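Subject: Structure handover

Hello,

Here is the structure for you to take over.

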Amino acid sequence: MEHFLAYVCLLGAFLHALTQCTVRASEFQLDGDYLLGGVFDIHLSGTVYHDRPKAIDCSSQPLILPSYRRFQLMRFSVEEINNSTDLLPNVSLGYDIFDHCSDTHNFPGMLKLLSVDGMIQPWGEPRKKLSKVMAVVGPFSSTDTLTIAPLFMKDFVPMISYGAAYSTLEEKEKYPSFLRTVHSNKHIIEVIVNIVRHFKWRWVAFLYSDDAFGKDGQDLFIKRIKATEICLAYTYRLNYNTDNSLMFKQIEAQRVHIIIVFAPKLIAEALIESAMKLNVTNKVWIAGDTWSLNKKLHKEKGIQNIGTVLGVSQPVVTIPGFSDFIYSLKNHTHCKNAEHDMFCNQVCNCSSLSPEEILAGDPSFNFPVYSAVYAIAHALHKTLQCGVDKCNGNITVYPYMVLAELLKSNFTLLNQHIHFYENGDPEFGCYSIVFWNRSGDAEDIGFYRLHPSVNFFINSTKIQWYTKGEVPTSLCSPECDVGFAKEQNGIHACCFNCEICPKGAYINITEDPYTCINCKETEWSAPGSTSCNLRVVEYIPFTDIGAILIMVGVGVLVALTLAMSVLFAVNYNTPVVRSAGGPMCLLILGCHSLCSPSVFFYFGKPTTSFCILRFLPFLLFYTVCLACFVVRSFQIVCIFKIAGKFPKLHSLWMKYHGQWLFITVAFVIQSLLLLVGYTFAPPKAYNNVLEYPDKIILSCDINLKASFGPVALLLFLCTLCFIFSYMGKDLPKNYNEAKAITFCLLLLILTWIIFATESLLYHGKYIQSFNALAVLSSLYSFLLWYFLPKCYIIIFQPHRNTQEYFQGLIQNYTKTISQ
């Protein structure tokens, strides 16, 4: 009987032990020598209107699983540090964590962190008691951080955010005790821009949340793409009341295929779910790090229909021991009323969550929480001057002392070197680039490392595009063909028309795709060129076959002139020489010789001196030749016509040597005209680049005003000579000097008409040869058709070179005209 009673007692004790629940301490609070504040948005608070002040009960709102996972990670980190023998030996860390589900109604929790025994001591009063809170981990969002950060900044309480990427938070003047273990929005925008540029997308939409985080991202994106070829085709603020149907219609109207979504997880979820319902297809979605690893959307039916999803994510770091912590946490039976004495918003109501559900949550920003807790622990370790086995317990620790050590953090955590810049931003970490594959997973396809140097990489072969192989395009206007410049069409630089660059210009798209650059004078280009070619410099060298023939012709001319001069000098007193002009013949032949050197200066590379000598000798001495022929024609007409009818005029002409006076006056006038013209505007070397696109014709530039006078005088003398010689066309048949002069003038006029016509039709380098040939022809015309026949008479028909022969001709003609 005694044994039976003993067995009954043991059985009762055993059954009592089985039914007894464990009263566990709150998940939100842990006692310790020093406390860490924690701020986590475990629940989502909707916007509810109240007609009077009312506290918010966060636990009654929908749970945010990734935030709850991060909340548990902070608890795990503190427990791990407390179990460590290397970090803070003999010092225990505790925490006081709050569910921060509203940025405007959760101040009681923040004030509790700042209070001592429920009271906040004003400045200026002696502090009898110090708060055990040394630093605060959180909050997650930029908006929440901007709201509560000023409360902690006044006392320099370190606040390490694990998710607030708002760029202005790095300004130490406003936020002196703020640090973060995530990078600023500047960096994630840089990664997004790199992705867009990598795939050469130009026409993108940027959708952002209607909060500080989203607006900051939009501002940074607009600034970043200013110096790039990316255009912001469409931008829109997202919130829970956004008319997604209208927004997607506007995006479709703009023909945008790339959509960047820079928004928190829940807003992004609502947007993507709306896109699936509205059957938005054929888009590339670029996700920010807040939702790129979203577990819920991956598994949604129809997610593949919206297109291709790329994302930028915080790298997923496996934290050893965390899974065991979650399983051990959830595998115990706890009393329901364990949290009866908790402060406002320190209740979770999360007991229904299984360990598998928690561990399956979005792992983004887990390492930032882990590193934030460890950074504070290391800073406290340094502040307390901890050794191997104990810390200095005589040191009174103030938060600003912990802040100073935080900014000097220098330790390794899970193979990452933890260090902060002076502005509180992390000098560690990187971004992963992910692709949502068809298996419903976010597959790593690249990375963006910031330390020790910037390194960007994408393995494009892993991406399964909705276009089934080809990279999608997103352009307002297709790229111009080679050699075409862009002409902007509208306000966006990406919208343009293409205009081909004309000849003489080229386009360099790397420097300026909108401007056709004119080539230099020494260069040329065909229409639609991307560079210029050197022009071929052309002139007639002395070795040119045509130049050689013309110079030989000049030599022959000079030789004939000298021979004729000698022949005329020997036969000076014969009738043929005297009738041809006597001493005037020698002057004409001498001027011919002086004109001929000008032909040589039409060849070789033109210089200023060459250009002057090309025209000056011919214009000056040919004036004398023509003046001589004017006088000679006048004398012929005067002798046979004017002498009989106007004897006094004839006597005055003979008395004052009118022929020499006229020649001298013509020479002096031409000399003055050339002197004045060449003094103010001499001919000079000229690069003709207008006639041929690929050539530079070296020639001489003649000032028309300066050359008008000398040329006009030559034309006047030529005309006068032609009139006088034509008047003598009815002279004796055998006495044909007037006819010879007329014929020579006709040849001269025809020569220069041919040259003028050629100059209008042809502008190449051989125009110089034609000009030289025209000069030579002008000299040969008188030499061959005026002087050569007389030489023939002198040499081969001496019987016609007698006084009696000439007197007979004159007497016969006088009788004829008197009848």
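H16 and H19 cross with a left-handed sense. Keep in mind that this is a predicted model. H16 covers residues 583–595 and H19 covers residues 658–680. Their axes come within 12 Å and cross at roughly 15°. An angle under 35 degrees counts as roughly parallel, so H16 is roughly parallel to H19.

Which residues make the contact? From H16 they are Pro583, Met584 and Leu587. From H19 they are Gln659, Trp660 and Ile663. By class, this contact of H16 with H19 has 5 nonpolar residues, 1 polar and no charged.

H3 (residues 107–114) packs with H4 (residues 142–153) at an angle of about 20°. The axes of H3 and H4 are 11 Å apart. H3 and H4 are therefore roughly parallel to each other. The crossing of H3 and H4 is right-handed, whereas that of H16 and H19 is left-handed.

H3 brings Phe107, Met110, Leu113 and Leu114 to the contact. H4 brings Thr147, Ile148, Leu151 and Phe152. How do the residues of the contact of H3 with H4 divide by class? There are 7 nonpolar and 1 polar, with no charged residues.

Now the sheet. It is open and has 3 strands, in the order S23-S25-S24. The pairing is mixed. Strands of a sheet pair through backbone hydrogen bonds, either parallel or antiparallel. Which strands are at the edges? They are S23 (536–538) and S24 (684–688), and each pairs on one side only. Neighbouring strands of this sheet are turned by 30° against each other on average, direction ignored.

S23 and S25 (residues 695–701) run parallel. They are joined by 3 bridges. Val536 stands opposite Lys695 in S25.

Last, the aromatics. A search of the whole structure finds 39 aromatic pairs. One of them is Phe367 with Tyr370. Their ring centres are 6.5 Å apart. Their planes are at 50°, so the pair is tilted. Where do Phe367 and Tyr370 sit? Both are in H12 (residues 366–383). Being 3 residues apart there, Phe367 and Tyr370 are separated by about one helical turn.

Over to you.

Best regards

Technical notes: Residues numbered from 1 in each chain as written. Predicted model: local features only at pLDDT ≥ 70, side-chain atom pairs only at ≥ 80, totals over all residues. Heavy atoms only, no water. Axes fitted to C-alpha atoms, helices over the stretch in contact; angles between N-to-C directions. Helix = DSSP H or I, 4+ residues; strand = E, 2+ residues; numbered from the N terminus. Parallel < 35°, antiparallel > 145°, perpendicular 65-115°, else oblique. Left-handed = near helix turned anticlockwise from the far one by under 90°. Contact = heavy atoms within 4.5 Å. Nonpolar A, V, L, I, M, F, W, Y, C, P; charged D, E, K, R; others polar. Pairing = 2+ DSSP bridges. Phe/Tyr/Trp six-rings, centres within 6.5 Å; stacked < 30°, edge-to-face > 60°.
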